[in-house]
Structure formats: structure tokens, C-alpha cells
Amino acid sequence: MAFHLIRPPVGAAAGWRPARWLAGLALLGMGLVLTACGGGGGSSASSGSESLSAAAALGQKIFNDPSLSASGKMSCASCHDATLGHGSPFGNAVVSGGPALDQPGTRTPPALNYLRYNTAFFFASDGTPTGGFTWDGRASSLADQAVRPFLSANEMANSNAADVIAKLAKASYAAEFKAAFGQGIFDQPQAAFDRVTYALERYQREDPDFAPFSSKFDQFTAGSVALSDAELRGLAWFNRSDKGNCAACHPSTKPANAPGALFTDFTYDSLGVPRNTEIAANADPTFYDLGLCGPSRTDLNARTDLCGLFKVPSLRNVAQRKRFFHNGKFSSLEDVVRFYVQRDTNPEKWYPLDANGRAIKFNDLPPALRGNVNTAEVPYNRPLGGEPALNESEIQDLVAFLRTLTDGYKP
């Protein structure tokens with residue numbers, strides 16, 4: 001049984017609010033897909049390309065085409081490797097793009113699988129921010145989201161839509177693009193760019209590799225395989241409201257519109273993840289990535305109560321991630337779980353110390369905004385020096401369960 005708990009408000013100062021999972025369930029009925037591109041060098045392959053529509057087949061080619069970048073070396077697939085749940089193949093926290101691949105990013109590339117069940121950003125009836133694409137949900141539509149990587153200075157770094165289309169017109173599939181969208185389409189760069197984002201959307205909607213539901217957990221819920229004792233214990237810790245309480249944001253139950261659990265409620269949370277000094281922008285002590293309230297997203301700048309909140313990602317294929325959280329601070333799944341349960345009981349393990357030897361908790365937020373961090377829910381509500389919600393053995397059990405969420409399981 002999975003527990004879906006009533007969530008406290010941000011900072012827990014204003015009293016309890018309705019369950020976040022209600023907003024998540026309302027969202028799941030809408031079903032859209034994220035389309036994204038980004039840095040480096042990687043690959044993406046489809047096992048179902050023969051069944052794709054003409055637009056989706058073009059989207060697959062666009063997704064894998066590095067010639068559409070200023071460097072000629074970066075494609076959407078570079079940061080979204082199909083063999084890793086369309087997640088980043090790089091060990092670095094962020095990836096550098098630009099014409100010379102020397103312009104560092106500020107966030108870890110998100111995985112794309114299962115985001116076809118996401119929708120545009122909205123506030124639920126209780127005020128819970130929900131949906132939206134990218135870590136801060138600033139893209140309100142699929143086309144809007146796809147525009148950014150093509151034009152971002154630290155990603156594919158094209159100057160404008162016409163720059164993208166000039167490159168596409170030289171691609172090996174340019175004739176296919178014209179056949180699908182009109183012989184004169186390249187004479188209308190903005191219209192052609194709109195077709196590019198549409199094709200990417202269709203690819204991610206139609207290709208089964210973006211939502212295979214082929215993990216050991218899926219086979220377990222279908223009754224075809226059994227979980228080990230450690231995996232079963234981990235599932236219990238995952239769901240129990242007094243232990244890991246992971247299901248509060250990552251429900252393990254199947255929504256009505258999907259063939260399996262999505263392990264996200266598509267909402268946002270402020271976890272107080274430690275500042276990552278690997279990110280070049282963080283060398284400036286006045287720079288803070290505040291998620292929903294900026295600086296990348298600008299429409300919610302005045303909502304200081306939302307500062308520090310980032311998207312709750314799906315945990316499917318989480319064991320394949322090389323970096324975790326929006327800033328890539330952690331590179332070990334075990335350490336991620338340890339951080340969750342020890343953040344407040346043993347903060348000295350995770351944060352720098354001040355002159356008096358005290359941990360500077362939530363140091364990736366300005367002091368005035370650190371009250372936004374979630375400290376009311378299990379497992380964050382333990383006192384300094386107290387017992388963590390999970391001991392080391394239970395942490396290992398939980399990690400064993402999380403590994404059952406990797407797609408492509410063969411008994």
C-alpha cells in the first residue's frame with residue numbers, strides 16, 4: 001500500500017494545506033510530453049521507429065542531429081541518452097555548450113522518460129505549484145520548452161530560429177522535412193522552427209522508449225516476478241509515512257491514465273540541497289538558483305515563498321542517474337537517501353561549517369529564504385542529533401528497491 005500524505009505549506013508556518021497528491025492526480029488526467037535538448041555528446045536510439053508517424057520520425061532525426069547546434073557537436077540526445085532513461089550520460093554536474101563547448105550550464109540535464117504524462121504549469125486549488133516543464137516549470141507548452149535549448153548560449157547556442165532552420169536545410173533529411181511540412185517551409189524560418197518543436201513532441205509521444213514501463217517493479221506488480229526480501233523491505237520503507245515517506249511526492253500507485261506508477265506527483269519542493277561548488281556560476285556568492293522564483297524563470301519573481309522550489313522528478317530509472325538534484329550535487333544514490341534522512345539530524349555531514357563549527361544548513365539559498373525549505377515532513381522533521389528515520393541497513397534496502405525501477409529488466 002502506498003501512502004499519499006497531506007502536505008504542509010512551504011515553511012510550514014501557515015498551517016496545513018490539502019494533499020499535494022490530489023493535485024498530482026488531477027494533473028495526471030491531462031497527459032502531455034516534455035521535449036528537450038541539451039549539451040555534450042551522446043546517443044539516442046528507438047526500438048519502435050518503424051511505427052512512428054512522419055512527423056515523429058523527423059523528430060527522431062532532429063533529436064539526434066548535432067549539426068543543428070553552433071558547435072556542430074551537440075544534439076538533444078547528447079544530454080538525454082536513451083540507454084539511461086533519456087537522462088544525462090555525463091559524470092559532471094552540468095554540461096558546457098556554446099559554439100566552442102566552453103559555456104557551462106547551471107543545472108543538471110533532467111531525464112525525459114515518462115514526462116508524456118506531465119502538463120503545463122498551474123497552481124492547484126490549494127495553491128500547490130504543479131506541472132510545467134524543466135526544473136522550474138517555466139515552459140508552459142511543449143513548443144515553448146523545446147525552443148530554449150536550441151537558442152540557449154550554454155547549450156546549442158543558435159542566434160535565432162532562422163539560424164536553426166539554415167542548418168536544418170542542409171541536413172540529410174531536409175527533403176523529408178519539406179515533404180512533411182511543405183516545399184516552401186524553409187522560406188518561413190519561424191514556421192519551420194515551430195514544425196521542429198512539433199516533430200520533437202511527436203517523437204517523444206509516439207516512441208515507446210520514452211515510456212516503456214519495463215522495470216522489475218512493473219513485472220512485480222503484474223505478478224510475473226518476485227521482489228527479493230531486501231527489495232520488499234525497501235518498498236515498505238519507501239511507502240511508510242514514518243520511515244522514508246518517499247511516496248508522499250513519488251507515489252508508487254498507478255494513476256488512471258498510465259499503465260504503471262509514475263513515481264512523481266509533478267509538484268515542487270524545497271529540499272535544501274547543499275550548494276554545488278562545481279557549478280561555475282556559484283563562484284559568485286551573490287548568485288542563487290532559486291527555482292520557481294528565478295533567475296531563469298521570471299514570472300514568479302515576487303513569490304518569495306516559492307524560492308528554492310524545484311520540480312519533483314520521476315524516480316523511474318533513478319539508479320541510472322550519474323548526478324542527482326537540479327544542481328547535480330550528489331553522484332551516489334546511496335548518498336541521496338542518506339542526505340534525505342540525515343539532513344536535519346546530522347547536518348555537519350552535508351553542509352560547510354561556520355567559525356563555531358555549526359553546519360550552515362540550506363546554504364544554496366539566501367539566509368532570508370531558508371525558511372522555505374521543507375522541514376515539517378518525515379523524514380526532515382527529526383531534531384538535531386536525533387535518530388534518522390532510516391538506519392544504514394534500511395537505506396540499503398530502500399536503494400535496492402529503487403534499483404527495481406530501472407527499465408529493461410530481464411528475469
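These questions and answers walk through a predicted model of one chain.

Residues are numbered from 1 along each chain as its sequence is written. As the model is predicted, local features need pLDDT of at least 70, side-chain atom pairs count only at pLDDT 80 or more, and totals for chains, interfaces and linings use all residues, while side-chain values use heavy atoms, with hydrogens and water left out.

Q: How many helices and strands does the secondary structure of the chain come to?
A: Helices here are DSSP runs of H or I with at least four residues, strands are runs of E with at least two, and both are numbered from the N terminus. Counted that way, the chain comes to 10 helices and 6 strands.

Q: What percentage of the 411 residues count as buried?
A: Buried means under 20% relative accessible area, exposed means over 50%, and partly exposed is in between (1.4 Å probe, protein chains only). By that cut-off, the buried share of the 411 residues is 56%.

Q: Among contacts between residues at least 6 apart in sequence, what percentage join residues at least 24 apart?
A: A contact means heavy atoms within 4.5 Å. Take the contacts in the chain between residues at least 6 apart in sequence; the share joining residues at least 24 apart is 69%.

Q: Is Thr264 buried or exposed?
A: Thr264 sits in the loop between α8 (229-239) and β5 (268-269). Its relative accessibility is 4%, so Thr264 counts as buried.

Q: Which residues does Thr264 touch, not counting those up to four places away in sequence?
A: Start with Pro251: it is 13 residues from Thr264 in sequence, and the two are 6.1 Å apart in space, C-alpha to C-alpha. Leaving out residues up to four places away, the ones Thr264 touches are Cys249, His250, Pro251, Val312, Pro313 and Ser314.

Q: Which residue's backbone nitrogen does the side chain of Thr264 reach?
A: Look at the side chain of Thr264 and follow it for 3.0 Å to a backbone nitrogen. That nitrogen belongs to Phe266.

Q: Which side chain is joined to that of Asp265 by a polar contact?
A: Asp265 is in the loop between α8 and β5, and it counts as buried because its relative accessibility is 2%. A polar contact is a pair of N or O atoms within 3.5 Å; within protein, one must be able to donate a hydrogen and the other to accept it, and residues adjacent in sequence count only if both atoms are side-chain atoms. At 2.6 Å, the partner of the Asp265 side chain is that of Thr267.

Q: Is α9 parallel or oblique to α10?
A: Axes are lines fitted to C-alpha atoms, for helices over the stretch in contact, and angles run from 0 to 180 degrees between N-to-C directions. Under 35 degrees counts as roughly parallel, over 145 as roughly antiparallel, 65 to 115 as roughly perpendicular and the rest as oblique. Helix α9 (residues 333-342) and helix α10 (residues 392-402) pack at about 130°, with axes 10 Å apart. That makes the pair oblique.

Q: Which residues in α10 do those of α9 meet?
A: The α9 side of this packing is made by Leu333, Glu334, Val337, Arg338, Val341 and Gln342. Across from them, the α10 residues are Glu392, Ile395, Gln396, Leu398, Val399 and Leu402.

Q: What is the relation of α4 to α6, parallel or perpendicular?
A: The axes of α4 (residues 161-168) and α6 (residues 189-206) come within 9 Å and cross at roughly 75°. In α4, Ala161, Ala162, Val164, Ile165 and Leu168 meet Pro189, Gln190, Ala192, Phe193 and Val196 in α6. With that angle, the two helices are therefore roughly perpendicular.

Q: How is α2 placed against α6, parallel or perpendicular?
A: α2 and α6 pack with their axes 7 Å apart, at about 100°. That makes them roughly perpendicular.

Q: Where is Pro379 found?
A: The peptide bond from Val378 to Pro379 is cis, with omega near 10°. In the chain, Pro379 is in the loop between α9 and α10.

Q: What is the relative accessible area of His86?
A: His86 is not a glycine, yet it has a positive phi of about 55°. This residue is found in the loop between α2 (54-63) and β1 (96-97). His86 is buried, and its relative accessible area is 0%.
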